[in-house]
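Trainee: I have a new structure to read. Please show me how to go through its bonds and contacts.

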Amino acid sequence: QVQLVESGGGSVQAGGSLRLACVASGYTNSPTCMAWFRQAPGKGREGVAVVYTDDGNTYYADSVKGRFAISQDNSKKKEYLQMDMLKPEDSAMYYCATASLCPSADLWDDKDWYPYWGQGAQVTVSS
């Protein structure tokens with residue numbers, strides 16, 4: 001059974017940085033893609049970033065480009081989200097998501113493609 005565990009959430013002032021980590025267990029092989037989504041109160045779940053584990057290609061939401069960086073470790077079962085220059089509007093619950101059958105790059109932020117989700121890590125950015 002695949003399980004995802006996030007860590008690294010917290011509270012920070014605007015302009016600060018946080019780093020999230022997600023560890024995937026239960027995979028016979030590594031997931032084909034690992035993504036981060038976030039959901040603020042009263043809003044839908046939106047894609048933040050994804051890394052395709054085979055070729056290392058990454059994609060980002062426009063709102064975080066240039067500020068966030070997604071990466072994976074050599075095992076391809078652990079991913080990170082480095083978040084710099086944080087803004088109050090980045091405050092949300094952040095979720096790690098993975099899939100073995102992954103969407104094409106133009107659909108990477110479609111949450112319905114990801115069957116496995118972590119429990120979430122809260123990120124709060126104060127102004």
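**Disulfides and salt bridges**

Mentor: Start inside. Cysteine 33 and cysteine 102 are both buried. Keep in mind that this is a predicted model.

Trainee: How far apart are the sulfur atoms of cysteine 33 and cysteine 102?

Mentor: A disulfide is called from the distance between two cysteine sulfur atoms, which must lie within 2.5 Å. Here the sulfur atoms of cysteine 33 and cysteine 102 are 2.0 Å apart, so they form a disulfide. The torsion about their S-S bond is about -100°, so this disulfide is left-handed. Cysteine 33 sits in strand β4 (residues 33-39), and cysteine 102 in the loop between β9 and β10 (116-117). The two are 69 residues apart, so the pair links distant parts of the chain.

Trainee: How many disulfides does the structure hold?

Mentor: There are 2. Cysteine 22 and cysteine 96 form a disulfide as well, with sulfur atoms 2.0 Å apart. Their S-S torsion is about -70°, so this disulfide is left-handed.

Trainee: Why does cysteine 22 count as buried?

Mentor: Buried means under 20% relative accessible area. Cysteine 22 has 0% relative accessibility, so it counts as buried. Cysteine 96 is buried too, with a relative accessible area of 0%.

Trainee: What is the pairing when the bonded cysteines are numbered in sequence order?

Mentor: The pairing is 1-3, 2-4.

Trainee: Now the charges. How many salt bridges does the structure hold?

Mentor: It holds 4. Look for a side-chain nitrogen of Lys or Arg within 4 Å of a carboxyl oxygen of Asp or Glu. One of them pairs glutamate 46 with arginine 38, the closest N and O atoms being 2.6 Å apart. Glutamate 46 is partly exposed at 36% relative accessibility, while arginine 38 is buried at 5%.

Trainee: Which residue forms a salt bridge with arginine 38 at 2.9 Å?

Mentor: Aspartate 90 does. Aspartate 90 lies in the loop between β8 (78-83) and β9, and arginine 38 in strand β4, so the pair ties together parts 52 residues apart in sequence. Aspartate 90 is buried, at 1% relative accessibility.

Trainee: Where does arginine 67 lie?

Mentor: Arginine 67 forms a salt bridge with aspartate 90, with closest N and O atoms 2.7 Å apart. Arginine 67 is in the loop between β6 (58-60) and β7 (68-72), so this pair ties together parts 23 residues apart in sequence. Arginine 67 is buried, with a relative accessible area of 9%. Through shared partners, salt bridges join Arg38, Glu46, Arg67 and Asp90 into one network.

How values were computed: Residues are numbered from 1 along each chain as its sequence is written. This is a predicted model: local features need pLDDT of at least 70, side-chain atom pairs count only at pLDDT 80 or more; totals for chains, interfaces and linings use all residues. Side-chain values use heavy atoms; hydrogens and water are left out. Buried means under 20% relative accessible area, exposed over 50%, partly exposed in between (1.4 Å probe, protein chains only). Helices (H or I, at least four residues) and strands (E, at least two) are DSSP runs, numbered from the N terminus.
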